[in-house]
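Here is a short report on one chain. Please keep the sequence and the 3D view open while reading.

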Amino acid sequence: MLRYIIRRLLAGIPVLLGVSLITFILMHIVPGDPVSVAFDKRYDPAAIASIKHELGLDRPIPVQYLDFVKGAVTGDLGASFQSKKPVMQIIGDGLPATLKLTASSVLVTLLLGIPLGVLAAVKKGTWLDWGATLGTLTFISAPVFWIAMLAQILVFTLNKATGGNWPISGFRTPLHLILPAIVLGSRYAASLSRHTRTAMLDVLGQDYTRTARSKGVSERLVIFKHALKNALVPVLTIVGLEIGGLLTGSILIESVFGIPGVGLATINGLTNRDFPVIQGSVLFTAVIFVLINILVDISYSFVDPRIRIS
């Protein structure tokens, strides 16, 4: 097990390098730079050149990238051009809010996605199946920020109509997490539901399922003991990918709901062309993706004893 984890971690290094390189190239392809964007024409060219030299933006692009990689290896992601704070501190300050939002959204995703997928598979061809399919396709197709704004309008309208005070933005109490978690979680619950339905239909058509039914096993045991347990292996892969997607999807949700997490810091970095913040947040997200995929692969052996980590 330990050797497998080490091999996977080593295999993730090229992925992280590729992500950091692509991010670095894209930032420098876009016209403009942080200094020019910040000061526009209010400063003379000599002052702007001096600031660029101070920030190291006048050095060759390959040298800047190698310096970033060297710093990242030692845990130094540089400092923000705007606030002068270390990027690691910015990520650390926003990480608790992002993790709370992600954990809440994962809970919503699992509580909605798996039961709906199982119900749609068991009731295949009925109005329940068609209704679940229509609902999942709607949420999959709709942009998450659009759903978030509609949810805010709906809750605001209900507050006005009923005299309620349900929070629609901010991050002061646990209640502020409920609406963004439902919005973000329902988007990924729709995708999880579709994959769960497909996996369940495949398992329900297997010989061992028909044998269990022929022996007189109750339908509830057939579904939850025989079918669902075996259908969870492909579903786990989707769950792992969606947890990573929830982290990146939280960028837009944090912006819409004003949650001070890593996503909001990334949005501010993109707006201000703050290169260190953008590079650091993207690399952080890539590291989380790699770690989640390793954990998902390890979990296969616990769900299905036939699978062994070699």
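## Helix α6 against helix α8

This is a predicted model. Start with α6, residues 127–141, where the axis comes within 8 Å of that of α8 and the two cross at roughly 135 degrees. Angles over 145 degrees would count as roughly antiparallel, and 65 to 115 as roughly perpendicular. The pair α6 and α8 is therefore oblique. Their crossing is left-handed.

On the α6 side, the contact uses Asp-129, Thr-133, Thr-136, Phe-139 and Ile-140. On the α8 side, it uses Ser-186, Arg-187, Ala-190, Ser-191, Ser-193, Arg-194 and Arg-197. By class, the contact of α6 with α8 holds three nonpolar, five polar and four charged residues.

## Helix α7 against helix α8

Helix α8 spans residues 175–204, and α7 spans residues 144–162. Their axes come within 10 Å and cross at roughly 140 degrees. That angle makes α7 oblique to α8. Here the crossing is right-handed.

Which residues make this contact? From α7 come Val-144, Ile-147, Ala-148, Ala-151 and Val-155. From α8 come Leu-179, Val-183, Leu-184 and Arg-187. Eight of the residues in the contact of α7 with α8 are nonpolar, none is polar and one is charged. Arg-187 is also listed in the contact of α6 with α8.

## Thr-196 within α8

Thr-196 sits in helix α8. Is Thr-196 buried or exposed? Its relative accessibility is 1%. The cut-off for buried is under 20%, so Thr-196 counts as buried.

Thr-196 touches Gly-113, Ile-114, Gly-117, Val-118 and Val-235, leaving aside neighbours within four places in sequence.

## The nonpolar cores

The largest nonpolar core has 20 residues. Met-27, Leu-57, Phe-68, Leu-77, Val-87, Ile-91 and Phe-275 touch the most other members. Several helices give two or more residues to this core: α1 (2–29), α4 (61–73), α5 (87–122), α11 (262–272) and α12 (275–303). The largest share, five residues, comes from α12. In soluble globular proteins, nonpolar side chains tend to be buried together.

Take Ile-91 as one example from this core. Ile-91 is in contact with Leu-77, Val-262, Gly-280, Ser-281 and Phe-284, not counting residues up to four places away in sequence.

## Lys-84 in a loop

Lys-84 lies in the loop between α4 and α5. Its phi is positive, about 65 degrees, although Lys-84 is not a glycine.

Lys-84 has 52% relative accessibility. The cut-off for exposed is over 50%, so Lys-84 counts as exposed.

## The chain as a whole

How many helices and strands are in the chain? There are twelve helices and zero strands. From the N terminus on, the elements run α-α-α-α-α-α-α-α-α-α-α-α.

The C-alpha atoms fill a box of roughly 85 × 60 × 30 Å along the principal axes. Of the 310 residues in the chain, 41% are buried. Take contacts between residues at least 6 apart in sequence: 74% of these join residues at least 24 apart.

Technical notes
Residues are numbered from 1 along each chain as its sequence is written. This is a predicted model: local features need pLDDT of at least 70, side-chain atom pairs count only at pLDDT 80 or more; totals for chains, interfaces and linings use all residues. Side-chain values use heavy atoms; hydrogens and water are left out. A nonpolar core is a set of buried Ala, Val, Leu, Ile, Met, Phe, Trp, Tyr and Cys residues joined through side-chain atoms within 4.5 Å. Buried means under 20% relative accessible area, exposed over 50%, partly exposed in between (1.4 Å probe, protein chains only). Helices (H or I, at least four residues) and strands (E, at least two) are DSSP runs, numbered from the N terminus. Contact means heavy atoms within 4.5 Å. Axes are lines fitted to C-alpha atoms, for helices over the stretch in contact, and angles run from 0 to 180 degrees between N-to-C directions. Angles under 35 degrees count as roughly parallel, over 145 as roughly antiparallel, 65 to 115 as roughly perpendicular and the rest as oblique. A crossing is left-handed if the near helix is turned anticlockwise from the far one by less than a right angle, and right-handed if clockwise. Ala, Val, Leu, Ile, Met, Phe, Trp, Tyr, Cys and Pro count as nonpolar, Asp, Glu, Lys and Arg as charged, and the others, Gly among them, as polar.
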